[in-house]
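Grab a pencil and work through these exercises with the structure open beside you. Try each task on your own before you read the solution under it.

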Amino acid sequence: MLKGKHRRPSKAVRVVTLAGVAGAAVAVPLMTAGSANAASVATWDKVAQCESGGNWSINTGNGYYGGLQFNNQSWAAAGGTKYAPRADLATKDQQIATAEKLLAMQGPGAWSCAGAGGLSSGGPAAQVDTGSGQAQQQAPKQEAPKQQAAPQQAPKQQAAPKPQPVQPQAAPKQGHGNYTVKSGDTLGKIAKAHGTNWKTVYENNKSTVGDNADLIFPGQKLEV
């Protein structure tokens, strides 16, 4: 577990933080690091080994970032935001360059691991290459070109069903009886008019009427 870092911000850090809102005139002199307030890269490596296990990209979510465990206030006060929003997003060299400025402002007491790393204010300036970009920011992912969907084919229209040929109905049998069927006649009506019943009339004319006793046609001749 990492020790708490930068929990005792000096007056210099507070002044620089406020100057970031009102203007940079006060902040510039405080952030200038000279050879009298510096340390070698090897010394910073030892401090980082104690602070973060030497992991310059560490972010454990405890409010302290990078190999030298800057909090966001100290990182901004020492000018680190020109490299990256947080220390863990900057390169090792950029973190050391920012640490040199914080060392000039606050002294070794800004780091709880100063003693373990042999950090002091009187060393030579670290030889670092800060570059110009934010090293840890990932390049935007290039999306693969979207494949255009193949044009949808219009649904095939189903062919209309072929009309079924109409089966010709057989012409009704005419018969040879003594009574000619008229429109509106039924076997029951004919039977009643002749004093008999429909079953008798049907049985006598079954060969003419067919199987359906309810179906007779005008012009048929029935035996009554």
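**Exercise 1. Is C50 buried, partly exposed or exposed, and how does C113 come out?**

Keep in mind that you're looking at a predicted model. Start with the cut-offs: buried means under 20% relative accessible area, and exposed means over 50%, with partly exposed in between. Now take C50: its relative accessibility is 30%, so C50 is partly exposed. Then take C113: its relative accessible area is 1%, so C113 is buried.

**Exercise 2. Find what joins C50 to C113, and work out which parts of the chain get tied together.**

Step one: check the sulfur atoms. C50 and C113 are joined by a disulfide, with an S to S distance of 2.0 Å. A search of the whole structure turns up one disulfide.

The angle about the S-S bond is -60°, and the link of C50 and C113 is left-handed.

C50 sits in helix α3 (residues 41–52), while C113 sits in the loop between α5 (92–106) and α6 (114–117), so the bond ties together parts that are 63 residues apart in sequence.

**Exercise 3. Describe how α3 and α5 pack, and say which residues make the contact.**

First, a reminder: for two packed helices, you give the angle between their axes and the distance between the axes.

Here the angle between α3 and α5 is about 95°, and their axes are 11 Å apart. Angles of 65 to 115 degrees count as roughly perpendicular, and α3 and α5 are therefore roughly perpendicular to each other.

Next, list the residues. On the α3 side you have V41, W44 and D45, and on the α5 side K92, I96, A99, E100 and L103. Sort the contact of α3 with α5 by class and you get five nonpolar, three charged and no polar residues.

**Exercise 4. How many residues are in the largest nonpolar core, and which of them have the most contacts inside it?**

The largest nonpolar core has 26 residues. Those with the most contacts inside this core are W44, V47, L68, F70, L102, W111 and L119. Now ask where the core residues come from: α3 and α5 each supply at least two, and α5 gives the largest share, six residues.

Zoom in on W44. Skip its neighbours within four places in sequence, and W44 is in contact with A39, W56, L68, I96, A99, E100, L103, W111, L119 and A126. Apart from this core lies another one of 11 residues, including A191, V201, Y202 and A213.

Conventions. Residues are numbered from 1 along each chain as its sequence is written. This is a predicted model: local features need pLDDT of at least 70, side-chain atom pairs count only at pLDDT 80 or more; totals for chains, interfaces and linings use all residues. Side-chain values use heavy atoms; hydrogens and water are left out. A disulfide is a pair of cysteine sulfur atoms within 2.5 Å. Helices (H or I, at least four residues) and strands (E, at least two) are DSSP runs, numbered from the N terminus. Buried means under 20% relative accessible area, exposed over 50%, partly exposed in between (1.4 Å probe, protein chains only). A nonpolar core is a set of buried Ala, Val, Leu, Ile, Met, Phe, Trp, Tyr and Cys residues joined through side-chain atoms within 4.5 Å. Contact means heavy atoms within 4.5 Å. Axes are lines fitted to C-alpha atoms, for helices over the stretch in contact, and angles run from 0 to 180 degrees between N-to-C directions. Angles under 35 degrees count as roughly parallel, over 145 as roughly antiparallel, 65 to 115 as roughly perpendicular and the rest as oblique. Ala, Val, Leu, Ile, Met, Phe, Trp, Tyr, Cys and Pro count as nonpolar, Asp, Glu, Lys and Arg as charged, and the others, Gly among them, as polar.
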